Amino acid sequence: MFKKGTPPNPSYRTIVRNHRPHHLFRNGLVFVALALFAAAAALAVVQPPETPAVYEARLTLDLPSPFPEAQNNYSVPFISQTEIRSGDTLAALLQRLRVRESGLLPFLIQDKNARSIYKLYPGRNVQAAHDQHGNLAWLRYQHTPYATEKGQAVSRWLEITPDEQGGFTAAEKTQAVSVQTRIAEGTIKNSLFGATDQADIPDAITMQMTEILGSKIDFIRDLRTDDHFRIIYETYSHEGQEVGAGRILALEFTNRNKTYEAVWFAPEGQSGSYYDFNGASLKGAFLRTALKFTRISSTFGMRKHPVHGGWRGHSGVDYAARTGTPIHATADGVVEFKGSKRGYGNTIILKHHNGYSTLYAHQSRYAKGLKKGDKVSQGQLIGYVGSTGWATGPHLHYEFRVNNKPIDPLSIELPVARTLEPAQKKAFDKAIAQYKDHIGYLAQMQGGTVQVARN
Ligand SMILES: [Zn+2]
């Protein structure tokens, strides 16, 4: 499968045109020979550059000036890449990459610095570069496509290079990933995921959306057809591949004709969080639901008739969900009761401030180690959905109580957290102006996803 001989020298533009991102490496093993990058590649052999320059060109559409001339260098690398499959072994990976260096496998197994290759994550990539003569120039395992380091998005990989003595050296490399800002919008027809899929929004961003507005909207029960959202978020890419979703920067969500906004803001010297456009924090004292919104729960959630059909008549709200679905505390509190309670089955009651308490019934089991008197924080796992007690099927029965009297949580305005101080508000208004513009721009457009360049 190796191409022999010196590849032709295509123009830079031709390369860019022919190697658009997303298509090139999607299907397993691909061999690429880019004569143009001979210089960079030769460098990679002698002294690995911080930047693996070979793929970089696929996204950098602006021509660097002056553009480096192709050189008549015979160490042109042949780069192959393969995606780790579940059950893969190191030996199988090396074989797929046509790496035949004797001594490499034992080195990888024994060398302390190559430790990260012990854990092969399915879906991640391993690349190998060979020179003209079929000798390995480098091997890269991109174990961490993206991570955050001092507020900067980075990509990390393990790099193995031959040393002068016929052996190998291993080193961990880190490089900043590029950040793109995307704006998108969608209208819910059948489910939130249906709408976000259509708008090409990554699942991680959809989940963030439900968490950011988790104290305002019960995403499992409250969503309706024609609910609408507009969103600005970040994605990370490395060497032209999208490697992960970043953070939501701004969000507008219209649920049952009521519009909620959220914008990410970090007051000077403080950690960031989400605020509405007026500067009120969105971190509510209570989450609207004890179940996490997921692809699975969302299909239950869009059902019109939950187990008991709403709050009226039985003092609580029911969430149909699979047995074993995690249940989370809706607010900070203390475990007041944990045990079996007749019709309720396995039940946990949490006591919160100001006479509020919450009850979670029919659990299949409790969170490990949780006991009466324990402090829990908002979002903490407390147990798992089941059908103990009087339950016709697996579901969570959730009660919201004020002075031990169950009330409909939707009927009251739940206490909310702080707003920004005047001095912070000024910086806030300035920071969010651009997002408001983007959202406004989206409002004028019909459908689709637009990618805007980040300055
Ligand atoms: Zn119930």
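1. Start with helix 6. Its buried residues pack against helix 5 (192-198), strand 8 (228-238), strand 9, strand 10 (258-265) and strand 11 (273-275). Helix 6 itself covers residues 203-212, and the buried ones are I205, T206, Q208, M209, T210 and I212. Bear in mind as you look around that this is a predicted model.

2. For the overall picture, the chain has eight helices and 22 strands. Of its 455 residues, 37% count as buried. If you take contacts between residues at least 6 apart in sequence, 65% of them join residues at least 24 apart.

3. A word on confidence before going further. The mean pLDDT of the chain is 78, with 75% of the residues at 70 or more.

4. Now the largest nonpolar core. It has 65 residues, and the members that touch the most others are I231, I248, L251, V263, Y360 and L396. Strand 9 (residues 241-255) gives the most to this core, with six residues. Why does the core lie between domain 2 and domain 3? Both domain 2 (180-284 + 418-455) and domain 3 (302-415) give residues to it, so that is where it lies. There is also a second, separate core of 20 residues, including A114, L136, A137 and W157.

5. Y360 is worth a click. Leaving aside neighbours within four places in sequence, Y360 is in contact with A290, I327, T347, I348, I382, G383, L396 and Y398. One of those partners, L396, is also among the residues that touch the most other members of the largest core.

6. Next, strand 15 (residues 346-351). Five of its six residues are buried, so strand 15 is largely enclosed by the rest of the structure. On one pairing, six bridges join strand 15 to strand 14 (residues 333-340), and the two run antiparallel. You can find F337 there with I349 of strand 15 as its bridge partner. Strand 15 also pairs with strand 16 (residues 356-363), again in the antiparallel sense, over five bridges. In that pairing, N346 has Q363 in strand 16 as its bridge partner.

7. Both of these pairings come with a hairpin. The hairpin of strand 14 and strand 15 has five residues between the strands, while the one formed by strand 15 and strand 16 has four. In the turn of the latter, N354 has a positive phi of about 60 degrees.

8. Which residues take a positive phi although they are not glycines? R342 does, at about 35 degrees, and N403 does too, at about 50 degrees. R342 is found in the loop between strand 14 and strand 15. With 8 C-beta neighbours inside 10 Å, R342 counts as exposed. N403 sits in the loop between strand 20 (395-402) and strand 21 (405-407). N403 is exposed as well, with 9 other C-beta atoms within 10 Å.

9. Two bridges join strand 17 to strand 19 (residues 381-384). Within that pairing, Y366 stands opposite G383 in strand 19.

10. Is V317 buried or exposed? V317 is buried, with 26 other C-beta atoms within 10 Å. V317 lies in strand 12 (residues 317-320). The C-alpha atoms of V317 and Y398 are separated by 5.2 Å, although the two residues are 81 apart along the chain. Y398 has come up already, as one of the residues in contact with Y360.

Methods: Residues numbered from 1 in each chain as written. Predicted model: local features only at pLDDT ≥ 70, side-chain atom pairs only at ≥ 80, totals over all residues. Pairing = 2+ DSSP bridges. Core = buried A, V, L, I, M, F, W, Y, C linked by C-beta atoms within 7 Å. Buried ≥ 20, exposed ≤ 12 C-beta atoms within 10 Å, placed from the backbone. Domains from an automatic or database assignment. Contact = placed C-beta atoms within 7 Å. pLDDT = per-residue confidence, 0-100.
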